[in-house]
Amino acid sequence: MTRKLRVGVVGAGIAQRHLVGYKWNENLFDVPVLCSLDEDRGRALVTEYDIGEYTQDVDTLFARDDLDIIDISTPPHSHFDLSRRAIEAGKHVICEKPLFGSIAEVDEMTRIVAGSDRKFMPIFQYRYGTGLQKLKRLIELELTGRPFLTTIETHWWRGPAYYEVPWRGKWATELGGGLLGHAIHAHDMLNYVHGACAEVFAYGETLVNRIEVEDTMALAVKMQNGSLASLSMTLGSRKEISRLRFCFADMVAESIIEPYTMGRDPWVFTAGEPEHQARIDAALADYEVTEDGYTRQFELFHQAIVEDLDPPVTLEDARNSLELVTAAYHSQRTGQATPLPITAKHPLYRSWLP
């Protein structure tokens, strides 16, 4: 019989989508308790998802010996402390994006986890869209050729009402703007496909709303694998799209433009010659479609725990993502290209907050 893992969920916002993922994996997970300071939303989720207990006292979750996992779905500024306490309490951890507020905190959490027998998984559920997974398969089969250029557009709309939530739009609590909280998923796809970045030049402005953090940015990126990338993000696009385009020597991969499911099919893979197109088509003809999003990421995390494997998304993956953010903020403020990796000697290593 498959071993069920028991999850304590902290939060009542994005936590709702996590609960859907657990529901679709109900043979793998139980959620006996939800903790949230927002009683109305918290109790509504407890009722909707038939959760046994609601609490506002997070300390009780750390003290319980019947929980395997703490799922942290709270505002960003609370992530590190809750994650640390969960690991020290002997729990595995799932933590929403943006993970932490500095590369130093990622490195410190890496040390904490390494000193335990627990597993830590940051959330990057967009990775598991069928379109993106097909591209990963073509890369593994060496059918793409050398990478040249990637373009990523995250053009969404967020008006004043979005920022009525008290913690949004502020450096101290949201930790950053659209680059950190919105485009981070699409930019993770860049790292997921090509690996770490080597250098970043960025312009960033606050143009759309009266907030502290940026809502529009343009980045030029050099990857460690030698390819280049052009990234644009705005929360001022009345027509919302997300678009990814990967140019390789032997083919081009193009995503759909639906803003919140851009990793899903139907992606288009176009080769330069009919013979190579036939090889690509044959390689994808028997592709086995799985669940995507949170459902798939949680399924793989369950496997990692019961089989003692690395999590499907690692702290190193989160570090790559936050290095891009750190380098972009540094470049924006200095007007200079910023090389990576971000080490302890970098001025923004311990915080990019102004």
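Q: Which residues are linked in a network of salt bridges?
A: In this predicted model, Arg6, Glu53, Arg64 and Asp66 are linked in such a network.

Q: What makes the contact of Arg64 and Glu53 a salt bridge?
A: Their side chains meet at 3.0 Å, N to O. The cut-off is within 4 Å, for a Lys or Arg nitrogen and an Asp or Glu carboxyl oxygen, so the pair qualifies.

Q: Which parts does this pair tie together?
A: Arg64 lies in the loop between helix 3 (59-63) and strand 4 (69-72), and Glu53 in strand 3 (residues 53-55), so parts 11 residues apart in sequence are tied together.

Q: Why is Glu53 called partly exposed?
A: Its relative accessible area is 34%. Buried needs under 20% and exposed over 50%, so Glu53 falls in between.

Q: How do you know that Arg319 and Asp107 form a salt bridge?
A: The N to O distance is 2.7 Å. That is within 4 Å, so the pair counts. It links helix 12 (residues 315-334) with helix 5 (residues 103-114), 212 residues apart. Both Arg319 and Asp107 are buried.

Q: What makes Arg264 and Asp292 a salt bridge?
A: Their side chains meet at 2.6 Å, N to O.

Q: Why is Asp292 called buried, but Arg264 partly exposed?
A: Asp292 has 17% relative accessibility, under the 20% limit, so it is buried. Arg264 has 39%, between 20% and 50%, so it is partly exposed.

Q: How many salt bridges does the structure hold?
A: It holds 24.

Methods:
Residues numbered from 1 in each chain as written. Predicted model: local features only at pLDDT ≥ 70, side-chain atom pairs only at ≥ 80, totals over all residues. Heavy atoms only, no water. Helix = DSSP H or I, 4+ residues; strand = E, 2+ residues; numbered from the N terminus. Buried < 20%, exposed > 50% of the residue type's maximum accessible area, 1.4 Å probe, protein only.
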